Amino acid sequence: MSALTVSSLRAGYGAVAVLHDVTIEVRPGEIVSVIGGNGAGKTTLLKTIAGVLRPVTGRITFDGRDIGGRSSWWVARHGIALVPEGRGIFGDQSVHDNLMLGALARGSGRDAPAVRADLDSALALFPALVEKLHLPAAALSGGQQQMLAVARGLMARPRVMLLDEPSLGLAPLLVREIFAAIGRLREQGVTILLVEQMAAQALALADRAYVLERGRIALEGAAATVRSDPAVIEAYLGRRAGADPS
Amino acid sequence: MTGRLGWAALATAAAVIPFFTSNTYYLYVVISVGLLTIVTAGLNVLVGFTGQTSLGHAGLYAFGAYTAALCVTRAGTSEWIAIAVAVVITSMVGAAVAAAALRVSGPYLAMVTIAFGLIVEGVVIEWGSVTGGPGGIFNIPKPGLRTHYWTVMLAAALALWLTANLRRSAWGRACLAVKSSEVAAESLGLSAYYVRIAAFTVSAAFAGAAGALFTFLNGYISPDSFTLQTSILFLLALLFGGLGRIAGPVAGSVALTILPELLTRLLDYRLILYGSLLLLSIYWLPDGVVGAVSRARRSRPAPLELSLSPLGRGQGEGAGTLLVANGVNLSFGGVAALAGVALTVNRHHIHAVIGPNGAGKTSLLNVLSGFYALQAGTIMVDGRSIDGLSPYAIARHGIARTFQTAQVFGGLSVRDNVAVGVAGPRLGSPLSALFATPGGRARDAFIQSRALDLLEAFGLGELAHEPAESLAAGLRRKLEIARALATEPLLLMLDEPAAGLSPAEIAALDAQLTGLRDQGGPTVILVEHHMDLVMAVSDRITVLDYGRVIAEGAPEEIRQNPAVIEAYLGATT
C-alpha cells in the first residue's frame, strides 16, 4: 500500500520533455529522497506531482486515486503540500499572514485552536521568524524566506510533503535543525518526498532513495544501499563522502 | 530556412500585386498594411524588446505627418527631404518625451504616453494657423499611387530589416535584458533608463517615417487620423501579430488592416471587433500569430570561433587593498540591518563573508553594489569612493555581482545572457546596430565568441543556444557567474554561488574560484553557507551577526573562534 505512486511518468515544459520514464513509490510514513545533478528533473518531478505541471503520459496516484492532471489547488487541498524551490512567498503580506495562508489548504483541523497550535510549533522550529512575525515577508533575508516557505508548508498539515531543497541558503546550524525537523515530521506520521543537493544528509535521514539522471531513474533502493553505491559516492557525495557531512 | 522562404514569398507577393491589379483600392489597402507595419515594427522595439508600453504613438505618427506636410506646403521642399526632416524631428520629440516619461515605467508609462497623445491631438486641433485646425491640411503635392506603393513597400521592408538587425546586436540584447531583469542589467553596467530612452527614440523615428509616408498617400491629413484609437490600433496589431517577433508586425498589420476592410458594413462595431480580437489573441495566441506558427521549430546558429583575451582586466594599480569600507550603516524603518560594518578586502584575495541567516550579508552586498544607498560610512574601491553612485555606475567601476535568486535574462539564450555581460555598456552606436554595419558585425562576432568561450569554461557550452529560462536553478547560478565574469570585473561578488549545487558541482566551483585567483583574475567577495567550500578557497573570512562584524581572520582562526562557533557553525564533531 503506497501513499503516492508515480508510474511511467513523462512530463516537462511545453514540447520539451524533462522526465522520460519515471516510476517511484512513496509509502505512508516514509522519507523518500530523490537525488541527482542539476537539470536531472527533480524539480519537474515535484511540480508534476503537485499539479503545477501536467503529465504528458503516465499515472500519478495518491491513496488509490488518480491525481495526474489535477490542478495544483486541488492537489494541495487533498493533502499534498509542495514547498517550492525559489520560496514563492507573498512579499507584501506579513510573515504571520503568509503562515495563515498556508492553513487554507488544510483538510482537517481547521478550527482556530488547531491552527494556533500548528503556528506555535512552526515558529518553535524557526525562532528567527518570531521577531519578524508582523513585518512584510519581503523584509526577510533570503534564508529566512526559505524558513518561511517550509513553515508555511507545515501549516497545511499535509499528509505528504514535497520538499524542494529545504536547506537552500540556510546557515550550517539551521541546516542541521531543518534535517532534524524533517525527522520529527516523520514521527508525526507525515510522509515526505525530499529533493536535496546535500545528498549525504538527505540519505542519512531517508528510508529509501531514487537517483534521477537525465529524466530517468538510474538507481533506487534503501537509502543505506544507495549511500554506499560507488557511482553515487563519486557523482553525488563528493570525495569527502566518508567524512562527517558538516 | 523556412523563415527565409516565408520572407521571399512575402516580398514576391508585395512586388507582383501592382502588376495583377489596376484597382487602386487594393493598392491603397496594401499601402495601409505597409504603413502599419512600419509603425508596429518600431513599436516592437519599445514594447516587444524593451517591455515598455506606449499608448501615445499616434501622437508621434501625427508629428511625422504634420512635419512632412508643413515642409512641402510651407517650405516647398521635396517629398524626400520632408520625410527625412519628419524622421529627425519625430526622433527628437520622442527622445524628449522619453526622457521625461521614462522616469516611470510599465502601466504608469502607458498613462503618460496617453497624455502625450491627447496633448498632440488637442494642439493639432487648436493651433489652426499652422495645422489647419480640425479640417487639417489639404492639397499636399503627392506622388502617383503606384510610385508611392513602391516607396512604402521598400520602407516597410527596411523597417523590418532594421529591427531584425537591432534584435541581433548588442543593443537588442541590452533591450531584452532590461525587459527581463532591470536589477541584473544594471549590475552589468547598463543604465535601464538610457536603454529605454534609446528604444523609445527608435520607435519614434519609425512612427515619424510612417506618418510622413501617410501624408503623401492621400495628399491631405486631419486630426481624425491621430486619435487615441489609432494608438490602441498600433499596439493591438503588434500584440495580435506577435510581441518581440520580427515578423509579428507584418502578420498583425495584415490582419488589422484587411479585416476591417472586409467588414466595412460593420464600421460602427469596429471597437467591439478590436476589443474581441485583443481578448482572443491574448487567450489563444499569447505569442501572437507568428509565435504560434514558429513555436515548433527553433533554428540554431552555428557557433563562431575567435580567439580570446585573458580573463579579467587585472587588478588595477599595484597590490594592497582593493576595497575598504568603514562604519557602514543601513537600517530599514528603525531596524538596523548593518551597524558600523568595516570590511577590508585585499587584491587577489577570495574574501568570504559568512554569518547566520538575516545577519546582513546580502544587505552588505547590496550596499557595495549600489542597490541600497549608503546611510553612513565610507566605501572606497580601487582608491575611489563609490558613495552615491547608481548600480550601473558602480558596475562600470569594475564591480560585478550575482544574486541569491539567480537573475537570468529570460527571452535571451544562454549565450546571449553572457553576451550582454561582455558588451556591458559598450553597445556602440544604435545606428550601426540598426544598419548592421561591417564594423558592428565584427564587434558582435567577437562578443559572441567571447561569450561562448566563457560558457565553455563553465561547462555550459552545450547549452549555449537554449533559452536561459529553461535552465535548472543550479545551472542558472553558473550562468550568472559566467555573465558577471564577462564584464571583466576588478571585484566579483558572489551571493551563495553554491546553493543548490551538488557536492561534485561544488568541487568544480572550488576549482574555478581558485583557478581564477591563480590566473590573476578578479578579487572575490564570497557570501556562502557551504563551510567546506568557504574554508577551502578563502584567504580571509569576515563573520557578521545581527549586522555587526563579530570576527575577522584567516579560515583556521575563524574555525576556532568561540563566538563564531556559537552563532553560526554550531559544535563541530
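Two residues are in contact if their C-beta atoms, placed from the backbone, lie within 7 Å. The exercises below use this predicted model.

**Exercise 1. Which residues of α9(A) are buried, and which are exposed?**

Step 1. Apply the cut-off: a residue is buried if 20 or more other C-beta atoms lie within 10 Å of its own, and exposed if 12 or fewer do.

Step 2. Val232(A), Tyr236(A) and Leu237(A) of α9(A) are buried. They lie on the same side of α9(A) because they cover an arc of only 75 degrees around the axis.

Step 3. Pro230(A), Ala231(A) and Glu234(A) are exposed, on the other side of α9(A).

Step 4. The cover over the buried residues of α9(A) includes, from chain A, β3 (31-35), α7 (199-205), β9 (208-213), β10 (216-222) and α8 (223-227). It also includes α21 (503-518) of chain B.

**Exercise 2. Why is strand β8 of chain A described as largely enclosed by the rest of the structure?**

Step 1. The strand β8(A) covers residues 191-195, and five of its five residues are buried, so the strand is largely enclosed.

Step 2. In a regular strand the side chains alternate between the two faces of the sheet.

Step 3. In β8(A), Thr191(A), Leu193(A) and Val195(A) are on one side, while Ile192(A) and Leu194(A) are on the other. These residues are all buried, and both faces of β8(A) are covered.

**Exercise 3. Which strands are joined to β8(A) by bridges, and how do they run?**

Step 1. The strands β3(A) and β8(A) run parallel and are joined by four bridges. Here Val32(A) has Leu193(A) as its bridge partner.

Step 2. Strand β7 (residues 160-164) of chain A also runs parallel to β8(A), with five bridges between them. Leu162(A) stands opposite Leu193(A).

Step 3. Going from β7(A) to β8(A), the chain passes through α6(A), and this β-α-β crossover is right-handed.

**Exercise 4. How many helices and strands does chain B have, and what share of its residues is buried?**

Step 1. Chain B has 24 helices and 10 strands.

Step 2. Of the 573 residues in chain B, 53% are buried.

Step 3. The C-alpha trace of chain B spans about 90 × 50 × 45 Å along its principal axes.

Step 4. Take the contacts in chain B between residues at least 6 apart in sequence: 77% of them join residues at least 24 apart.

**Exercise 5. Where do Phe20(B) and Ile232(B) lie? Which exposure class does each have?**

Step 1. Phe20(B) belongs to helix α1 (residues 2-20) of chain B, and Ile232(B) belongs to helix α11 (residues 228-241) of chain B.

Step 2. Phe20(B) is exposed because it has 8 other C-beta atoms within 10 Å. Ile232(B) has 19 C-beta neighbours inside 10 Å, so it counts as partly exposed.

Step 3. Between the C-alpha atoms of Phe20(B) and Leu256(B), 236 residues apart along the chain, the separation is 23 Å. For Ile232(B) and Ala376(B), 144 residues apart in sequence, the C-alpha to C-alpha distance is 48 Å.

Key. Residues are numbered from 1 along each chain as its sequence is written. Chains are lettered from A and ligands numbered from 1 in the order in which they are written. This is a predicted model: local features need pLDDT of at least 70, side-chain atom pairs count only at pLDDT 80 or more; totals for chains, interfaces and linings use all residues. Helices (H or I, at least four residues) and strands (E, at least two) are DSSP runs, numbered from the N terminus. The arc is that of the directions from the helix axis to the C-beta atoms. Two strands pair if DSSP finds at least two bridges between them. A crossover is right-handed if, with the strands pointing away from the viewer, the path from the first strand over the helix to the second runs clockwise.
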